[in-house]
Amino acid sequence: MASVVVTGVGLVTALGKNRESTWQALLSGATGVRPLTLFDATGYRSQMAAQVDVVSLELSGIPEKARRHASRASLMALAAAQEALRQADLHPSFGASWPVVFGGGAAGLFEAEGFFAHRLRKGPKARGLTEFLEVPQDVVADRVALAWGLSGERLTITTACSSSTLAVGVGAARVAAGEADVVVAGGADALCRLTFAGFNSLRAVDPEPAKPFDRRRQGLSLGEGAAVLILEDETHARRRGAKPLARILGYGVTNDAFHMTQPEPTGTAWARTVRAALDAAQLAPEDVGYINAHGTGTEQNDPAECAAYLQVFGDRLAKIPVSSVKGAVGHCLCAAGGIEAAITVLALNRGLLPPTANFQEPDPACPLDPIPGTARQQQVEVALSSSFAFGGNSAVLVLGRA
């Protein structure tokens, strides 16, 4: 089995339009959750979201044919992919057989909503169909492949909030099995009226910026963004002089089928996912030095997640730094796991652990170290990136320092 390394990371979040601006804002404890301006949120429980400034994205190096009529989700994915490829110093020639494995979510649903709204107001001939073209969830991966002429497998995974975590895991498995030297993996998701209204109707959102693991939490904050990781066979990377940023050591995936939206409250199901990931990496709980948690900030999810970690790590959990970035970048749904995996790569590579934004008051149901305030300088060898999604779809990545 080949050793899998990460040689490039691209990020687009509400904190910044690229990897470094996102990272620096995250380390400071800042939040990108602000009043929503993308559409009218009057009357909802929350009018807050982590919205990306798509207009400011760096897209100048991407062919016009890949950008034409692209949705917000596709534009964010293209910007993140370009940044990741540049960091990896990879310049694919047309027809390169690298797979593209993405977590897919709303895709072009925001644009389609605008299409229908305009036609309802102005009549059936008021606007063409271009805004309706990106509704299929696999279009985002297609855009990335088109931009760089990638002819390999295109796989879009949709398992709710674990989609892009699983995309990174599946992409790494392709490399480990010798099926590809390079895989472009990650995810992108965009805000739209449908998901915003849905989470508000569930009363799962916080009227204020989310406060993961905090006793005062009232729900999540929705967000949008994209992350791309370049996964590479280590021998291939070193042969061309690339410097690995981190390693993908293994991943676990389970489905507990407990409920369509609620977590299994005892944490047993999620503990099984963590153990599956550690078993795949051939590591023990004692090897883990940091956890980038799912940490949504809802009343049900945070205690269930803490219960899962207690079952796996026992009393040692109190000594493991555990942070959630969702108070900073929002819950980016199908892109969340990819964004969090990218941030975990940076944490391992730079010896800095990001804080849990907005955390102030500990919750007895969550006896962990959430890294309050600002980043903590601490080098760890092994980290987890966890995603526990609707429908019981759970995935956990195990990452290691390069």
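Strand β9 (residues 290–292) runs parallel to β13, and the two pair over 3 bridges (strands are DSSP E runs of at least two residues, numbered from the N terminus, and two of them pair if DSSP finds at least two bridges between them). This is a predicted model, so local features need pLDDT of at least 70 and side-chain atom pairs count only at pLDDT 80 or more, while totals for chains, interfaces and linings use all residues. Residues are numbered from 1 along each chain as its sequence is written, and side-chain values use heavy atoms, with hydrogens and water left out.

**Who sits next to β13**
- Asn292 has Ser385 of β13 as its bridge partner.
- Ser385 also stands opposite Leu397 in β14.
- Strand β14 (residues 393–401) pairs with β13 in the antiparallel sense, over 7 bridges.
- These two strands make a hairpin with 4 residues between them, and Gly391 in the turn has a positive phi of about 75°.

**How covered β13 is**
- In strand β13 (residues 382–388), 7 of the 7 residues are buried, so the strand is largely enclosed by the rest of the structure (buried means under 20% relative accessible area with a 1.4 Å probe, protein chains only).
- One side carries Val382, Leu384, Ser386 and Phe388, the other Ala383, Ser385 and Ser387, and all of them are buried.

**The whole chain**
- Of its 402 residues, 61% count as buried.
- Its C-alpha trace spans about 65 × 55 × 40 Å along the principal axes.
- Residues 24 or more positions apart account for 78% of the contacts with a separation of 6 or more (contact means heavy atoms within 4.5 Å).

Technical notes: Buried means under 20% relative accessible area, exposed over 50%, partly exposed in between (1.4 Å probe, protein chains only).
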